[in-house]
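Student: I would like to go through this model and ask what stands behind each label. Please set the values against the cut-offs as we go.

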Amino acid sequence: MHCPYCRHCDTRVLDTRVSEDGASIRRRRQCPACERRFTTIEQTQLVVVKRSGVVEPFNRDKVITGVRKACKGRPVTEAQLARLGQRVEEALRASGQAEVATENIGIAILGPLSELDPVAYLRFASVYKNYGSADDFLDEIAQMRSSATKSAEERDDGLDPSDEQNCQPALAL
Ligand SMILES: [Zn+2]
């Protein structure tokens, strides 16, 4: 690959390491022309299988765009959105699968979004879970209240317990 500093057309690999989880390879490289060093990371390309059967590369920006719409008018910063996108991608990669279905992306978004903003979470879930009535909202709010008490110890797992219920995804990412 080209040197990112001087665009020289070749680089030398100084060191190669497999990440702790075995999901990526990190290479320390040096440019023979300008002698500057940089790191490259090699990992499996994550692809999304849409409900139509179309397969496309996972795009973190699409996740962020979808969540940003749900966060409209809410006190959520771009930095928080970026962090959420990163968490979603990490959770999907941690599953160890090279292909993810669109609905699994929605599931991976729900947990971190419920921590970020309850109103945005309800908006997103209302589309994603295809709420048919106001009662669906009330049920969801009741679940959020009951899980809020135990969420403190589960904060690190990134997924809300309510994610396991059978739901009808309606969000096109
Ligand atoms: Zn260079």
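Tutor: Of the 173 residues in the protein, 33% are buried. Keep in mind that this is a predicted model. The protein has six helices and six strands, and along the sequence they follow the pattern β-β-β-β-β-α-α-β-α-α-α-α.

Student: What is the accessible surface of the protein, and what share belongs to carbon and sulfur atoms?

Tutor: The accessible surface comes to about 10800 Å², and carbon and sulfur atoms account for 48% of that. As for contacts between residues at least 6 apart in sequence, 47% join residues at least 24 apart.

Student: Why are Arg7 and Glu35 called exposed?

Tutor: Exposed means over 50% relative accessible area. Arg7 has 56% relative accessibility, so it counts as exposed. Glu35 has 56% relative accessibility as well, so it too counts as exposed. Arg7 is in the segment before strand 1, with a positive phi near 70°. Glu35 is in the loop between strand 2 and strand 3, with a positive phi near 65°. Neither residue is glycine.

Student: How do you know that the buried residues of helix 1 are on the same side of it?

Tutor: The buried residues in helix 1 (residues 60–70) are Val63, Ile64, Gly66, Val67 and Ala70. They cover an arc of only 160° around the axis, so they sit on the same side of helix 1. The face turned away from that buried side carries Asp61 and Lys69, which are exposed. The cover over the buried residues includes helix 2 (78–94), helix 3 (102–116) and helix 4 (118–128).

Student: What caps the N-terminal end of helix 1?

Tutor: Asn59 does, with a side-chain oxygen 2.8 Å from the backbone nitrogen of Asp61.

Student: Which residue caps the N-terminal end of helix 4?

Tutor: Asp117 caps that end: a side-chain oxygen is 3.2 Å from the backbone nitrogen of Val119. The side chain of Asp117 also reaches the backbone nitrogen of Ala120 at 2.8 Å.

Student: Why is Asp117 called buried?

Tutor: Buried means under 20% relative accessible area. The value for Asp117 is 4%, so this residue is buried. Asp117 is in the loop between helix 3 and helix 4. Leaving aside residues up to four places away in sequence, Asp117 touches Arg74, Pro75 and Val76.

Student: Which residues of helix 4 are buried, and what covers them?

Tutor: Ala120, Tyr121, Leu122, Phe124, Ala125, Ser126 and Tyr128 are buried. Their cover includes helix 1, helix 3 and helix 5 (134–148). After helix 4 comes Asn130, with a positive phi near 55°.

Student: Why does Leu110 count as buried?

Tutor: Its relative accessibility is 1%, so Leu110 counts as buried against a cut-off of under 20%. Leu110 lies in helix 3. Its C-alpha atom is separated by 6.7 Å from that of Tyr121, eleven residues apart along the chain.

Definitions and conventions. Residues are numbered from 1 along each chain as its sequence is written. This is a predicted model: local features need pLDDT of at least 70, side-chain atom pairs count only at pLDDT 80 or more; totals for chains, interfaces and linings use all residues. Side-chain values use heavy atoms; hydrogens and water are left out. Buried means under 20% relative accessible area, exposed over 50%, partly exposed in between (1.4 Å probe, protein chains only). Helices (H or I, at least four residues) and strands (E, at least two) are DSSP runs, numbered from the N terminus. The arc is that of the directions from the helix axis to the C-beta atoms. Contact means heavy atoms within 4.5 Å. A polar contact is a pair of N or O atoms within 3.5 Å; within protein, one must be able to donate a hydrogen and the other to accept it, and residues adjacent in sequence count only if both atoms are side-chain atoms. Accessible areas come from the Shrake-Rupley method with a 1.4 Å probe; for residues, only the protein chains shown count as cover.
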